[in-house]
Amino acid sequence: MREEIGKIQVQVRRGGPDDGRLVDYEVPLLASQTVLDVVTWIQRNLEPALSYRFACRVGMCGSCAMTVNGRPRWTCRSHVTDVMKDGRIRIEPLRNLPVIKDLACDLSGFFDKWQRAEGAFVPTQTRKDSLAPIAPQEPARQAASAGIECINCAVCYAACDAVEQNPEYLGPAALNRAWTLVNDARDGGNRARLQAVTGPGGCQSCHSQQGCTSHCPNALNPTRSIAGLKQAAARAWLRGEL
Amino acid sequence: MLDFRLYLAQRISAMILAPLVLLHLGVMIYAVQGGLSAEEILGRTRDSLWWGSVYGLFVLAVAVHAAIGLRVIVAEWFGPGKRSLDLLMWLVMLGLLTLGGRAVYAVTLA
């Protein structure tokens, strides 16, 4: 058992979609303690009915993202001592997503937008064909690789003011995914994809404010991906494909 | 709210405006050297195909750019329906074209 080195005053958003309120808890401060540790401590010791979501605890799965002191982040990779302000932490669910209960959000709309942005790979070959030769240094492959490490945690989506203002907007994660496929030489779905990402709420709704980029825990740059989509779509429009 | 063709129209009008604004500012600084008079300005612009074309294009680009930009701002702040947004956009565009067109006509052809 790690030694208690102080106390943290924690506020947690409790309640269903329409009756949210902040509830105060006092939690022991431990060395190397993450915000997810704090939430788990509250659930195990003070509030057994507290609902929240997590799985891997090591920054692999993307399921524990919450709003901590006003900023969206992975709670499992956020040390309390880094995010605490005057000994206090406020923990809320992710923004721009409907709350189910307490800290758990409904992410179905977020994933539906991946589908709407044609985020699924469209194969052009069969298992009988040989592997497609793709040089790692090709510019298209480099662009795809730059965005491919997204783990769908929805931190960028929660950080995006364009999503907040326009719920129809596909958002940075879905558009980043579309951009990686636009640059995938093996994919055959680009015409439909570029039509999808220029439809209602498409890439043109991005204001390049870079909330997504500054909050992405994987240090990806969705703003750059969206800018790439805008250029690719403009070229497709000139070719009469939109 | 903002379809892709409107987005492109706004980007293209911005690309036209960028050099024209710099030209406009440059001419303003040049023109005020040694005092500013109506005769001097009209002497440069009257019956000039060049200045008529430059400011004609300027007005056209401003009308397109401002009307679409205002449409986005109004949509995000007040959230009216598509029909109201279309109406607002065309009214602003027409208004800017009329005002700007009159001004260009006054200094070149009138």
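User: What is the order of the five strands in the open sheet of chain A?

Analyst: Please note at the outset that this is a predicted model. As a general idea, strands of a sheet pair through backbone hydrogen bonds, either parallel or antiparallel. Here, the five strands of the open sheet in chain A follow the order 2-1-5-3-4, and their pairing is mixed. Strand 2 (21–30) and strand 4 (71–74) of chain A stand at the edges; each has a single partner strand, so one side of each lacks a neighbour in the sheet. From one strand to the next, the twist averages 35 degrees.

User: How many bridges join strand 1 of chain A to strand 2 of chain A, and do these strands run parallel or antiparallel?

Analyst: The two strands run antiparallel and are joined by ten bridges. One bridge partner pair is Gln11(A) with Asp24(A), the latter in strand 2 of chain A. The hairpin formed by these strands has six residues between them, and Gly15(A) takes a positive phi near 110 degrees there.

User: In which sense does strand 1 of chain A pair with strand 5 of chain A?

Analyst: Strand 1 (residues 4–14) and strand 5 (residues 88–92) of chain A pair in the parallel sense, over four bridges. Val10(A) stands opposite Ile89(A) of strand 5 of chain A. Helix 1 (residues 35–45) of chain A packs on the sheet and touches strands 1, 2, 3 (65–68) and 5 of chain A. The direction of helix 1 makes about 110 degrees with that of strand 2 of chain A.

User: Let us turn to the two chains. What area do chain A and chain B bury between them?

Analyst: They bury about 950 Å², with 65% of it on carbon and sulfur atoms. Chain A gives eleven residues to the contact and chain B gives ten residues. Between the chains the count is zero salt bridges, and one residue pair is in polar contact, with both residues at pLDDT 80 or more.

User: Which element gives the largest share of the side of chain A that touches chain B?

Analyst: Helix 10 (residues 222–238) of chain A gives the largest share, four residues. The residues on this side of chain A divide into five nonpolar, five polar and one charged.

Methods. Residues are numbered from 1 along each chain as its sequence is written. Chains are lettered from A and ligands numbered from 1 in the order in which they are written. This is a predicted model: local features need pLDDT of at least 70, side-chain atom pairs count only at pLDDT 80 or more; totals for chains, interfaces and linings use all residues. Side-chain values use heavy atoms; hydrogens and water are left out. Two strands pair if DSSP finds at least two bridges between them. Axes are lines fitted to C-alpha atoms, for helices over the stretch in contact, and angles run from 0 to 180 degrees between N-to-C directions. Contact means heavy atoms within 4.5 Å. Buried area is the accessible area (1.4 Å probe) that two parts lose on being put together, summed over both. A salt bridge is a side-chain nitrogen of Lys or Arg within 4 Å of a carboxyl oxygen of Asp or Glu. A polar contact is a pair of N or O atoms within 3.5 Å; within protein, one must be able to donate a hydrogen and the other to accept it, and residues adjacent in sequence count only if both atoms are side-chain atoms. Ala, Val, Leu, Ile, Met, Phe, Trp, Tyr, Cys and Pro count as nonpolar, Asp, Glu, Lys and Arg as charged, and the others, Gly among them, as polar.
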